Amino acid sequence: MECTVVCIDNSEFSRDGDYAPTRFQAQADAVNLLAGAKTQAHPEATVGVLTMSGKTPRVLVTPTPDLGKVLNCMTNIEIDGECNVSSSVQIAQLALKHRQNKNQRQRIVIFVCSPVTEDKEKLVKIAKKLKKNNVAVDVVSFGAEEENQEKLEAFLEAVNSNGNSHLVTVPPGPVLSDVLISSSIFQGEGGSGFGFAGGVGGAGGGAGGADGFEFGVDPNMDPELALALRVSLEEERDRQNRAAAAAAAAAGAAQAEGAAAGASASAAEGATAVAGIAGAAATPGPVAGPGVGAAAVGGDMDLDEDALLQQALAMSMEIDSAAAAAQQAAAAATDVTTPAPTTAPVVTPGAPQVAVALPPADLDVMDEDAELQLALQLSMQDSGPDNKEDQK
Amino acid sequence: MAKDLLEYIEFSTLECLNEAPNHGATLALKQGYREQDELYLESDTDEQLLLNIRFTHRVRIQSIVIKAIDEAKAPKRVKLYTNRPSLGFSDTSSVPCAQEIELSPAQLAKGDPISLKLVKFNNVDVLSIFIEDNQGGEETTKLCKIALFGTTGEVFNVAEIKKVGEEK
């Protein structure tokens, strides 16, 4: 869990177009991604922004967990003057010192695209002061790499404590953001950059993106969070097992339980007609649970996507083929309703679903539900042909 | 009546500024580690150290033990601050300290307990130990043991009440 202050180089040197479209714009994109990754990695992580050039370095955003503020301020920065690295870093350190949550670790990320005017000794002195105060520093050097290389390397060596600080030099050519995403600056968060980019739903993505540790860097920084995540994953697995076992036992009561469990899992609405859909939603419910509630390891994320797709499919199939299916269902209404509850359990062992059938209170609802089941089974079952014959 | 306050130290929030990577504060504080002189706490960039210790209960600290076998690198001036969460090096010059101790080589070698002003250390949640410099003016400071002795404030010992009743 970190408090990060990003120092931006908005000097005249950043107008240069050797990084597309300009050094400044490439930098802004990288900062946006970085801020996103940091806030996704931990809900309490904060990011602040500071500009290094101009009359004096200015803190534009004090460390905040609100990504919107950071993105917003990036659009209002003007290019002006020359960078003053030493005072910027000291101001950043002050901002970190006055962070709200003292449990957060301190980090400064510096983007440099202009020649550093301070001499090596001064930089090393500043670095030592940072190290003494437990501040980690990441430096992104682009644009003026050769001139700054020696100074920045000395700076990094002085500030680095046990590998917590990094220096990334980006040559002109590749996109700055891409190089950074795969570098140790992003990877330090357990690869959550990827989770942020491609996750299904915010929670699933942020939680599922961590590859280094189970559930992310939890044991080291947040043992209570790790425990809570593990416990909820266990509970979810138990619920799935119980649901599968209940479905296998071909009893109406068991299925009603399943309906209730499924309904609560997906926070179903009250109306019975809608509950029919919610029942179907409940079938991917237990599967989607891990992704939404607790952490999801890679495999579960795929299931979430599949489940959501199938839910969408089922719903659209229900709407499209409502007329056609209704005729089918109406023709064999009584026959379908009774076999449906019993054949459904036969079908379920093949897929991780809870077959849901509401108690036959309302014939219309029953028909909807039956055709829903048909649609689901048709689209999802490998052994579809056999079961279709059974039902007919 | 003073007992070792080790069990009340919250190690999860223990913070030691300017400690060397492999010679951290836990080596000087934790049971077992602190008894071994080879496992020591050493400073990193310069000779100063700042330890922020949080307690699980409010404690009354009566004495402190600091043991160091390396004479030149042993701590000399030590300042203690109470109830200042996340004290930083820059704060040490501005914030008044609860007590300032100057350690003598004899005290350090034997690890004698040093009594503290009771009034100032009565209700302590967070204790900050600032080691300002060392005996020999060396670049780093080394110490092998830090122990705190005192009592926990509002402990209601039912067993003691019974005894009094029996006496009567």
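Colleague: What share of the 168 residues in chain B is buried?

Modeller: Buried residues make up 46% of chain B, where buried means under 20% relative accessible area, exposed over 50% and partly exposed in between, with a 1.4 Å probe and protein chains only. Keep in mind that this is a predicted model, in which local features need pLDDT of at least 70, side-chain atom pairs count only at pLDDT 80 or more, and totals for chains, interfaces and linings use all residues. Residues are numbered from 1 along each chain as its sequence is written, chains are lettered from A and ligands numbered from 1 in the order in which they are written, and side-chain values use heavy atoms, leaving out hydrogens and water.

Colleague: Why is A:Ser86 called buried?

Modeller: A:Ser86 has a relative accessible area of 6%, and the cut-off is under 20%, so A:Ser86 counts as buried.

Colleague: What does A:Ser86 touch, leaving out residues up to four places away in sequence?

Modeller: A:Glu118, A:Lys122 and A:Ile126, where contact means heavy atoms within 4.5 Å. A:Ser86 and A:Glu118 are 32 residues apart in sequence, yet their C-alphas are 7.2 Å apart in space. A:Ser86 itself lies in helix 3 of chain A; helices (H or I, at least four residues) and strands (E, at least two) are DSSP runs, numbered from the N terminus.

Colleague: How do you know that helix 4 of chain A has close to the expected reach?

Modeller: Helix 4, residues 120-132, has 13 residues and reaches 18 Å from its first C-alpha to its last. The expected span is 1.5 Å times one less than the number of residues, which here gives 18 Å, so the helix comes out close to expectation. Helix 11 of chain A passes the check too: 26 residues, with a reach of 38 Å against 38 Å expected.

Colleague: Which parts cover the buried residues of helix 4 of chain A?

Modeller: The cover includes helix 3, strand 4, strand 5 and helix 5 of chain A, together with strand 2 of chain B. Among the buried residues of helix 4 are A:Leu123, A:Ile126 and A:Lys131.

Colleague: What makes B:Asp44 and A:Lys131 a salt bridge?

Modeller: Their closest N and O atoms are 3.3 Å apart. The rule asks for a side-chain nitrogen of Lys or Arg within 4 Å of a carboxyl oxygen of Asp or Glu, so the pair qualifies. Across the interface of chain A and chain B the rule finds 3 salt bridges.
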